[in-house]
Amino acid sequence: YIVMELIDGITLKEYITRKRKLGTKESIGIAIQVAQGLEAAHKRHIVHRDIKPQNIIISKDGRIKVADFGIARAITDETTNLYGAAGSVHYISPEQACGGKITASSDVYSLGIVLFEMLTGEVPYVGTTAVSVAMMHVEKPVPQLKDYMDNVPEGMQEIMNKALAKRCEDRYANAGQMRRDLLNLKMKLFPFS
């Protein structure tokens, strides 16, 4: 059995559905907290493998919690996706979609998709089947925020490009690196908050 903290709150998915999309400041703030949680897991060599808004809880006091480590795996040199495309198809990394090696950067990719959804109110890849969506993660270019929203903050697309890079080597290696860039962007955009 798994013992988990009881969190009184709602999922990020429910929150996005209510608001349709979130503001830049709120999206960055939530992404920073999720990255902080993932950073703690990654430092312990654990990859979540199923980061999505349904597995992110917003407590009543506004704290963000990463939940459902049910398919998480310890990172080893041989960590691969042994059970097919683990995780939810709209948020899986290209390497998960192809049954490749899973690393901390796989979680970063999924967090990038979550950040995109918070900012735009939609996921970037939609298809008629799970397989078609999975292949879009592998083949389609990184979505451009300007195609989905007005007034994209300077620096946001660069973070998106790095988080959603198709090749692991081109992506943030772990959530701590992404968190650092998000914190720097937040300070630049909202210096007095």
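How near do the axes of α4 and α7 come, and at what angle do they cross? I looked this up before anything else. The axes come within 10 Å and cross at roughly 35 degrees. Axes here are lines fitted to C-alpha atoms, for helices over the stretch in contact, and angles run from 0 to 180 degrees between N-to-C directions.

Entry 1, ground rules. I am working with a predicted model, in which local features need pLDDT of at least 70, side-chain atom pairs count only at pLDDT 80 or more, and totals for chains, interfaces and linings use all residues. Residues are numbered from 1 along each chain as its sequence is written, and side-chain values use heavy atoms, with hydrogens and water left out.

I noted seven helices and five strands. Helices (H or I, at least four residues) and strands (E, at least two) are DSSP runs, numbered from the N terminus. The order from the N terminus is β-α-α-β-β-β-β-α-α-α-α-α. Of the 193 residues, 49% count as buried; buried means under 20% relative accessible area, exposed over 50%, and partly exposed in between (1.4 Å probe, protein chains only). A contact means heavy atoms within 4.5 Å. Among contacts between residues at least 6 apart in sequence, 65% join residues at least 24 apart.

I checked its length. At 1.5 Å a residue, the 17 residues of α4 should span 24 Å, and the end C-alpha atoms are 25 Å apart, which agrees. The expected span is 1.5 Å times one less than the number of residues. In α4, 17 of 17 residues are buried. Just after α4, Gly 121 has a positive phi of about 85 degrees.

A crossing is right-handed if the near helix is turned clockwise from the far one by less than a right angle, and left-handed if anticlockwise. From α4, Val 108, Leu 111, Gly 112 and Leu 115 meet Ala 175, Met 178 and Leu 182 of α7.

The axes of α2 and α7 come within 8 Å and cross at roughly 155 degrees. That makes the two helices roughly antiparallel, a term for angles over 145 degrees. The crossing of α2 and α7 is left-handed. The α2 side of the contact includes Thr 24, Ile 28 and His 42, and the α7 side includes Ala 175, Arg 179 and Leu 189.

I then looked at His 42 in helix α2. His 42 is buried, at 9% relative accessible area. Leaving out residues up to four places away in sequence, His 42 touches Val 47, Ala 104, Asp 107, Asn 174 and Ala 175.

A nonpolar core is a set of buried Ala, Val, Leu, Ile, Met, Phe, Trp, Tyr and Cys residues joined through side-chain atoms within 4.5 Å. The largest one has 44 residues, of which Leu 12, Leu 115, Met 118 and Met 178 touch the most other members. Helix α4 gives the most to this core, with nine residues.

Most residues other than glycine have a negative phi. His 45 has a positive phi near 65 degrees and lies in the loop between α2 and β2. Asn 151 also has a positive phi, near 55 degrees. Asn 151 sits in the loop between α5 and α6 and counts as exposed at 72% relative accessibility.

Notes. Parallel < 35°, antiparallel > 145°, perpendicular 65-115°, else oblique.
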